[in-house]
Amino acid sequence: MKTLIRNISSLVTVDTKGKNYKSGKDLNNISEIKSGAILFDSKILWIGSDSEVESLNEKGLTWDIVVDGTGKTVMPGFVDSHTHIVFSGDRSDEFAKRLRGATYQEIAESGGGIQSTVRATRSASVEELYNNGLRLAINAIAHGTTSFEIKSGYSLNLEGELKQLQAIALMKKNLNVNIKSTFLGAHDFPIEYKNNPDDYVDYLCDVMLPKVAESGLADYCDAFVDKGYYTVEQGKKILETAKKYGMSVRLHADELADVGAGKLAADTGCVSADHLLFVSDDSLLAMKNSGTVACLLPGTAYFIRMPYANARKIIDMGLITAIATDTNPGSCFTENMQLILSLATINMRMTAEEAIAAATINGAYSLGISDITGSLEPGKDADIVIYECKTYSDIMYHFGINHVSRVYIKGQIFNNNN
Ligand code: NIG
Ligand code: FE
């Protein structure tokens with residue numbers, strides 16, 4: 001089935017000319033075609049100006065359905081390259097406490113925070129975890145996301161982490177979207193190892209990682225290297241061991257304080273270092289030289305009232321910069337990438353164009369899927385979103401509402417009642 005969307009008021013392709021990521025000034029080049037058209041089946045077949053449509057038949061290109069894009073914006077689906085959507089329970093009570101003045105860290109220190117979700121997740125079945133994750137993923141897709149990274153990390157023992165990874169595997173199987181899975185056994189220290197954290201690192205490296213690698217359920221390994229969580233030394237051991245077992249690595253880095261985690265990510269060949277609220281210039285330089293993607297999560301800074309990452313410096317230094325949701329029940333409970341664009345532009349001072357490139361092609365690059373998605377280029381998957389607005393910046397201008405009118409995943413209309 002071939003579909004032609006024509007007369008598109010604002011067709012944003014994020015064309016990379018085959019480079020598959022954008023950095024520096026090129027982040028502003030998102031290749032908008034005014035009055036554009038796009039032809040696709042499961043793959044994108046042709047993109048151009050509407051005035052060229054009449055000559056397509058002569059070139060042997062045909063279609064079965066025509067969709068009118070008048071007054072609409074069409075863009076590549078968002079690639080949400082950092083989420084924790086597979087978990088159980090909720091933390092609305094903690095949210096209420098935070099509104100009364102408690103900080104995220106105070107709540108964590110008193111046994112809440114990640115530990116509270118760990119208690120709920122450990123006692124949930126794979127099916128429950130799958131259903132919870134599916135509900136959030138469907139919501140995210142309805143807001144324009146067509147590719148995800150999903151982390152484990154709310155069990156902190158072998159059995160539970162594998163259970164989370166199995167739930168993610170079920171999502172991979174049953175949803176038509178791209179999903180990459182990440183083992184985050186080093187999200188926090190389990191309560192059983194509270195007084196001997198190094199023993200947990202040994203257990204993670206000697207017992208958990210080999211089994212997780214053997215299961216084939218995780219595409220990446222991640223760790224939370226930060227103040228009060230894993231040290232650089234512990235993180236290094238975990239990442240190096242993961243690599244030994246053939247896994248690629250990414251990192252939660254310098255979210256709560258500068259501990260040199262950005263540099264650790266660069267030195268260990270992490271594909272991305274995420275958060276970076278307090279990252280040092282040294283770390284940024286190392287990340288630039290190693291090609292490590294800087295993944296910024298403005299929803300988290302907003303939700304736990306922290307200073308935003310210095311996106312201007314990071315972009316202007318030339319790092320490959322992505323933005324993502326960090327959807328999780330504690331520090332950022334939204335799966336809406338349009339809202340993340342709004343926060344990135346208003347509060348991190350990114351341009352609308354930079355935010356869109358960071359939320360699409362660069363997220364895809366960090367997940368190793370930018371050859372098939374993240375931009376609208378002939379030959380790539382038809383992961384296409386139609387927005388009910390005349391130009392792309394309206395998504396950020398008219399903020400806090402859902403502008404999506406239709407999502408195509410690999411050329412198929414996504415049905416919200418799936
Ligand atoms: O990315 N930084 C570490 N982990 C999550 C928070 C998880 C939670 O509070 O449940 C994050 O912000
Ligand atoms: Fe996170």
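Modeller: Let's start with a word we need: a residue is buried at under 20% relative accessible area, exposed at over 50%, and partly exposed in between (1.4 Å probe, protein chains only). This is a predicted model: local features need pLDDT of at least 70 and side-chain atom pairs pLDDT 80 or more, while totals for chains, interfaces and linings use all residues. Residues are numbered from 1 along each chain as written, chains are lettered from A and ligands numbered from 1 in the order written, and side-chain values use heavy atoms, without hydrogens or water.

Biologist: Is aspartate 326 buried or exposed?

Modeller: Aspartate 326 has 1% relative accessibility, so it counts as buried. Histidine 82, at 0%, is buried too.

Biologist: Which residues coordinate the iron ion (ligand 2)?

Modeller: Look for donors, meaning N, O and S atoms within 2.8 Å of the metal (3.2 Å for Na, K and Ca); water is not among the atoms, so a site may look incomplete. Here the iron ion (ligand 2) is held by His82 (NE2), His84 (NE2), His252 (NE2) and Asp326 (OD), at 2.1 to 2.3 Å. Along the chain, these donors follow the spacing H-x1-H-x167-H-x73-D. Helices (H or I, at least four residues) and strands (E, at least two) are DSSP runs, numbered from the N terminus.

Biologist: How many aromatic pairs does the structure hold?

Modeller: Rings of Phe, Tyr and Trp (its six-membered ring) pair if their centres lie within 6.5 Å; planes under 30 degrees apart are stacked, over 60 edge-to-face, the rest tilted. The structure holds 12 such pairs. The rings of tyrosine 193 and tyrosine 203 are stacked, because their centres are 6.1 Å apart and their planes at 20°. Tyrosine 200 and tyrosine 203 make a tilted pair, with 6.1 Å between centres and 40° between planes. Both of these residues lie in helix 6, three residues apart, about one turn. Tyrosine 200 is buried at 0%, whereas tyrosine 203, at 22%, is partly exposed. One aromatic cluster is formed by Phe189, Tyr193, Tyr200, Tyr203 and Tyr230.

Biologist: Where does the charged end of lysine 19 sit?

Modeller: A charge sits over a ring if NZ of Lys or CZ of Arg is within 6 Å of the ring centre and within 35 degrees of the ring normal. The charged end of lysine 19 is over the ring of tyrosine 21, 4.8 Å from its centre.
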